Amino acid sequence: MESQTGIAAVGHVIQLSLSPVFLLLGIGSMLSVMTNRLARIVDRARASEAHFKDVAPEEVGFHTDHLSTLSIRAKLINRAITFCTFTALLICAVVAMMFLSAFLEFDASLVVALLFVMAMGSFFTGLVFFLREIFIATAALRIGPK
């Protein structure tokens with residue numbers, strides 16, 4: 001009879017951990033978007049640096065500003081990736097703590113709540129850095145002839 005109770009407890013913990021696992025899926029998708037943006041920024045910076053020696057003297061200022069903007073964007077997106085990765089780690093800790101509390105039979109509700117609040121704060125911060133990078137990218141956008 002006790003194994004049935006243990007199985008029921010595990011089943012209950014799995015049910016409770018589904019929401020954080022779906023949250024991890026969403027965070028993973030955001031990380032994928034952010035790493036793709038970082039890769040594009042790095043590619044643009046490398047291409048711009050490669051052509052820097054061929055730039056006319058009157059365009060050096062524009063290219064320097066362009067590289068400076070790309071550097072700022074890379075730093076912002078790197079911070080966003082860092083905070084979102086930290087969020088994923090905290091969510092993993094939430095799930096692990098839920099299983100530990102079920103198996104070791106202790107009340108981890110306060111720890112789980114704190115970890116989750118920290119995760120949401122970290123995700124919020126990561127999204128703010130991501131939004132700031134998008135604002136800078138949009139402000140630097142130039143469409144049409146020079």
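This section describes the fold of a predicted model, moving from the chain as a whole to individual residues.

The chain contains 3 helices and 0 strands. Read in the order of the sequence, these elements give the pattern α-α-α. The radius of gyration is 23 Å, well over the 15 Å that the globule rule gives for 146 residues, so the chain is more spread out than a compact globule. Along the principal axes, the C-alpha atoms fill a box of roughly 85 × 25 × 20 Å. Of the 146 residues, 27% count as buried. Among the contacts with a sequence separation of 6 or more, 80% are accounted for by residues 24 or more positions apart.

The packing of two of the helices was examined next. Two packed helices are described by the angle between their axes and by the distance between those axes. Helix H2 spans residues 60-104 and helix H3 spans residues 109-139. The angle between H2 and H3 is about 160°, and their axes lie 8 Å apart. An angle over 145 degrees counts as roughly antiparallel, and H2 and H3 are therefore roughly antiparallel to each other. The crossing of these two helices is left-handed. The residues of the contact of H2 with H3 comprise 24 nonpolar, 5 polar and 4 charged residues.

His63 is located in helix H2. A residue is buried if its relative accessible area is under 20%, and His63, at 16% relative accessibility, therefore counts as buried. When neighbours within four places in sequence are left aside, His63 is in contact with Ser48, Phe52 and Val55.

Val94 also belongs to helix H2. Its relative accessible area is 2%, so Val94 is buried. Not counting residues up to four places away in sequence, Val94 touches Pro20, Val112, Leu115 and Phe116. Of these partners, Val112, Leu115 and Phe116 fall within the range 109-139 of helix H3, whereas Pro20 falls within the range 2-50 of helix H1. Val94 and Leu18 are 76 residues apart in sequence, and their C-alpha atoms are 11 Å apart in space.

Cys92 is a further residue of helix H2. With a relative accessible area of 39%, Cys92 is partly exposed. Cys92 and Ser109 are 17 residues apart along the chain, and a distance of 15 Å separates their C-alpha atoms.

The loop between H2 and H3 holds Glu105. Most residues other than glycine have a negative phi. Glu105, although not a glycine, has a positive phi of about 55°. Glu105 is exposed, with a relative accessible area of 71%.

Ala39 is found in helix H1, which covers residues 2-50. The relative accessible area of Ala39 is 37%, which makes this residue partly exposed. Between Ala39 and Leu90, which are 51 residues apart along the chain, the C-alpha separation is 25 Å. Ala139 is found in helix H3, a helix that covers residues 109-139. At a relative accessible area of 67%, Ala139 is exposed. Ala139 and Thr69 are 70 residues apart in sequence, yet their C-alpha atoms are 10.0 Å apart in space.

In summary, the predicted model follows an α-α-α pattern and is more spread out than a compact globule. Helices H2 and H3 are roughly antiparallel, with a left-handed crossing. Glu105, in the loop between H2 and H3, is exposed.

Methods
Residues are numbered from 1 along each chain as its sequence is written. This is a predicted model: local features need pLDDT of at least 70, side-chain atom pairs count only at pLDDT 80 or more; totals for chains, interfaces and linings use all residues. Side-chain values use heavy atoms; hydrogens and water are left out. Axes are lines fitted to C-alpha atoms, for helices over the stretch in contact, and angles run from 0 to 180 degrees between N-to-C directions. Helices (H or I, at least four residues) and strands (E, at least two) are DSSP runs, numbered from the N terminus. Angles under 35 degrees count as roughly parallel, over 145 as roughly antiparallel, 65 to 115 as roughly perpendicular and the rest as oblique. A crossing is left-handed if the near helix is turned anticlockwise from the far one by less than a right angle, and right-handed if clockwise. Ala, Val, Leu, Ile, Met, Phe, Trp, Tyr, Cys and Pro count as nonpolar, Asp, Glu, Lys and Arg as charged, and the others, Gly among them, as polar. The radius of gyration is taken over C-alpha atoms; the globule rule is 2.2 Å times the number of residues to the power 0.38. Buried means under 20% relative accessible area, exposed over 50%, partly exposed in between (1.4 Å probe, protein chains only). Contact means heavy atoms within 4.5 Å.
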